[in-house]
Amino acid sequence: MTDQQAIPVGEKPVNEPPQKKASRAGRNLPAAIAVGVLLGGGLIAILLFAPYLWLALVAVAVAISTVEVSRRLEEAGYHIPLIPLLVGGQATLWLTWPFGPAGALGGFAGTVVVCMIWRLVGRGLNHAPQNYSRDISATVFLATWVPLFASFGALLIYPDDGANRVFCLMLGVVFSDIGGYVAGVLFGKHTMAPAISPKKSWEGLAGSLLFGVTASVLAVMFLLDKPWWAGLALGVMLVITGTLGDLVESQFKRDLGIKDMSNLLPGHGGMMDRIDAMLPSAVATWIVLTLLA
């Protein structure tokens, strides 16, 4: 029997698994919901009963995401100094505890300096590194994108109402994501950035604004006792940074020719695929709640 021989009518191929129908948003929705509920429940428990464990949670996410992105860059031919990047990323995060924003800045700057030297002399002074500028540019981008941005999420927990500040960040981003998903699936017809992320639509962005701004206004008013306009500013900032965070990661993956950073979280991809919107949104939340509100 050859490969081209027809299969009798009414019979199914023996070795072909049934095809799963993908959702319109491109996710394994049941798995994504299960993982989201599990992560969300754990986060709520931490913020309610042991707020400073938030730092450890962020530190783990930073380490995993750094490894994920570094591996993908290595697969594409980059040479990333992973060891100083991991150590420096943790320093950038944890130095916020005693030193606040100055600790994050010092940790980040020190990380960049060490990575530059590490990549330069990694094979000894008798060997000139190849593609040095390209590799260091990617390394600095990664150090900024993951540990530095995440350190602003760490800074949110230190004030007396720190747990509520983190709740404001999470509620704004999560409800923005929910609104974008629902509106995109039900009404999405006009693509927003088809060359970068074909599934994002202007209708989805409208849903993100409606859900995200509403959640942020209520969260800021009832959790932080701040004026409604601070919630409005926060909501708009979170929708913008969350959406652009998704697009940045989409373009990054498009450049590397990959779909997900890893398969660590079913229905979501890798850790970086889950926190891509959270990272710039943490910066926006700290700016609004610390400098503007």
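**Note on a predicted helical model**

1. Leaving aside residues up to four places away in sequence, T139 touches I80, P81, L85 and C115, where contact means heavy atoms within 4.5 Å. T139 lies in helix α6, and at 2% relative accessibility T139 counts as buried; the term buried stands for under 20% relative accessible area, exposed for over 50% and partly exposed for what lies in between, with a 1.4 Å probe and protein chains only.

2. The structure is a predicted model, in which local features need pLDDT of at least 70 and side-chain atom pairs count only at pLDDT 80 or more, while totals for chains, interfaces and linings use all residues. Residues are numbered from 1 along each chain as its sequence is written, and side-chain values use heavy atoms, with hydrogens and water left out.

3. As to the overall make-up, the chain has 11 helices and 2 strands, and from the N terminus on its elements run α-α-α-α-α-α-α-β-β-α-α-α-α. Helices (H or I, at least four residues) and strands (E, at least two) are DSSP runs, numbered from the N terminus. Of the 293 residues in the chain, 44% are buried, and among contacts between residues at least 6 apart in sequence, 69% join residues at least 24 apart.

4. Axes here are lines fitted to C-alpha atoms, for helices over the stretch in contact, and angles run from 0 to 180 degrees between N-to-C directions.

5. Which way does α2 run relative to α6, roughly parallel or roughly antiparallel? The axes of α2 and α6 come within 10 Å and cross at roughly 165°, and the two helices are therefore roughly antiparallel, with a crossing that is right-handed. Among the residues making this contact are W54, L55, V58 and V62 of α2, together with A138, L142, W145 and V146 of α6.

6. Rings of Phe, Tyr and Trp (its six-membered ring) pair if their centres lie within 6.5 Å, with planes under 30 degrees apart counted as stacked, over 60 as edge-to-face and the rest as tilted. By this rule there are 7 aromatic pairs. One of them joins Y52 and W97, a tilted pair with 5.4 Å from centre to centre and 40° between the planes. Y52 lies in the loop between α1 (29-49) and α2 (53-75) and W97 in helix α4 (residues 96-99), so this pair ties together parts that are 45 residues apart in sequence. Y52, at 38% relative accessibility, is partly exposed, and W97, at 47%, also counts as partly exposed.

7. The rings of F152 and W286 have centres 5.4 Å apart and planes at 70°, so their pair is edge-to-face. F152 lies in helix α6 (residues 132-155) and W286 in helix α11 (residues 278-292), so parts 134 residues apart in sequence are tied together by the pair. W286 is buried, with a relative accessible area of 15%.

Technical notes:
Parallel < 35°, antiparallel > 145°, perpendicular 65-115°, else oblique. Left-handed = near helix turned anticlockwise from the far one by under 90°.
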